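Subject: Structure for you to look at

Hello,

Here is the structure I said I would pass on.

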Amino acid sequence: MGYASLIAQEKVEEVSIKTNPVFFGDFSLGYTNGDIQGFSVTGSLNYQKKTNLFTFRTLQVLHIERIDFFILFPTRIDFEQMSEYSLLYGKRMIENGFSYHISGGISFASYTHNYKGEKLTIDYVGFPIEAGISWFKNKKKRFNVLYGLLPVGKPTGFGRSIGFKLHANIAKKSYVGLGLTLGLGWYKTYN
């Protein structure tokens with residue numbers, strides 16, 4: 001009688017689970033005060049790896065000092081304007097459908113003061129700082145157009161957010177501002 005050895009082969013199945021990147025963009029409206037004060041508009045693109053947050057931000061501040069009219073047509077506008085482009089690195093923490101972050105980096109800004117038709121422009125480098133909080137959906141759901149009126153497609157991690165950002169820049173023309181932020185993207189890794 002022969003002895004046969006049996007070798008069992010175990011097949012290991014690889015299950016690849018695709019996860020989404022944590023990538024989102026946001027838009028902020030607010031007010032800025034400091035060496036330049038006025039209405040501010042901010043846009044940013046954000047990418048997160050683990051707790052590391054990488055951000056490209058652009059910020060515009062406009063302060064209209066005076067407008068002279070002839071009938072209905074403006075003849076003279078005196079204003080201050082600042083345009084800033086920043087690269088920031090920071091930490092972002094996620095807790096369910098809530099996140100908070102703090103970042104710092106480097107910026108290039110251009111300040112323009114138009115007074116009586118004469119323009120003064122100053123370009124400078126600064127140290128931007130940003131801190132923010134936001135709320136977003138915690139679980140995959142169907143994307144809703146018009147805030148819930150029309151659900152579209154399969155459940156997805158892509159969605160909206162709302163929050164607040166405090167932004168500042170330490171530079172030749174320093175400022176601090178606060179804005180209401182609305183965003184779109186993937187705010188965490190959804191399973």
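Predicted model: local features only at pLDDT ≥ 70, side-chain atom pairs only at ≥ 80, totals over all residues.

Residues are numbered from 1 along each chain as its sequence is written, and side-chain values use heavy atoms, with hydrogens and water left out.

Fold

Eight strands form a closed barrel in the order E1-E2-E3-E4-E5-E6-E9-E10, with antiparallel pairing. On average, neighbouring strands of this sheet are turned by 25° against each other, direction ignored. Axes here are lines fitted to C-alpha atoms, for helices over the stretch in contact, and angles run from 0 to 180 degrees between N-to-C directions. Strands (E, at least two residues) are DSSP runs numbered from the N terminus, and two of them pair if DSSP finds at least two bridges between them. Strand E2 (residues 38-49) and strand E3 (residues 52-70) are an antiparallel pair with 11 bridges. Glutamine 48 has leucine 53 in E3 as its bridge partner.

Charged residues

A salt bridge is a side-chain nitrogen of Lys or Arg within 4 Å of a carboxyl oxygen of Asp or Glu. By this rule there are four salt bridges. Asp26, Arg57, Glu84, Glu130 and Lys165 are linked in a network of them.

Arginine 57 bridges to glutamate 84, with the closest N and O atoms 2.6 Å apart. Because arginine 57 is in strand E3 and glutamate 84 in strand E4, this pair ties together parts 27 residues apart in sequence. Arginine 57 also forms a salt bridge with glutamate 130 (3.1 Å, N to O). That pair links strand E3 to strand E6 (residues 118-136), 73 residues apart. Glutamate 130 in turn meets lysine 165 in a salt bridge (3.5 Å, N to O).

Two single residues

Glutamate 80, in strand E4 (residues 73-95), is buried yet has no salt bridge. Its side chain makes a polar contact (a pair of N or O atoms within 3.5 Å, one able to donate a hydrogen and the other to accept it; residues adjacent in sequence count only if both atoms are side-chain atoms) with the side chain of tyrosine 111, at 2.5 Å.

Histidine 167 lies in strand E9 (residues 159-170) and counts as buried at 2% relative accessibility.

Regards

Conventions. Helix = DSSP H or I, 4+ residues; strand = E, 2+ residues; numbered from the N terminus. Buried < 20%, exposed > 50% of the residue type's maximum accessible area, 1.4 Å probe, protein only. Lys, Arg positive; Asp, Glu negative; His and termini not counted.
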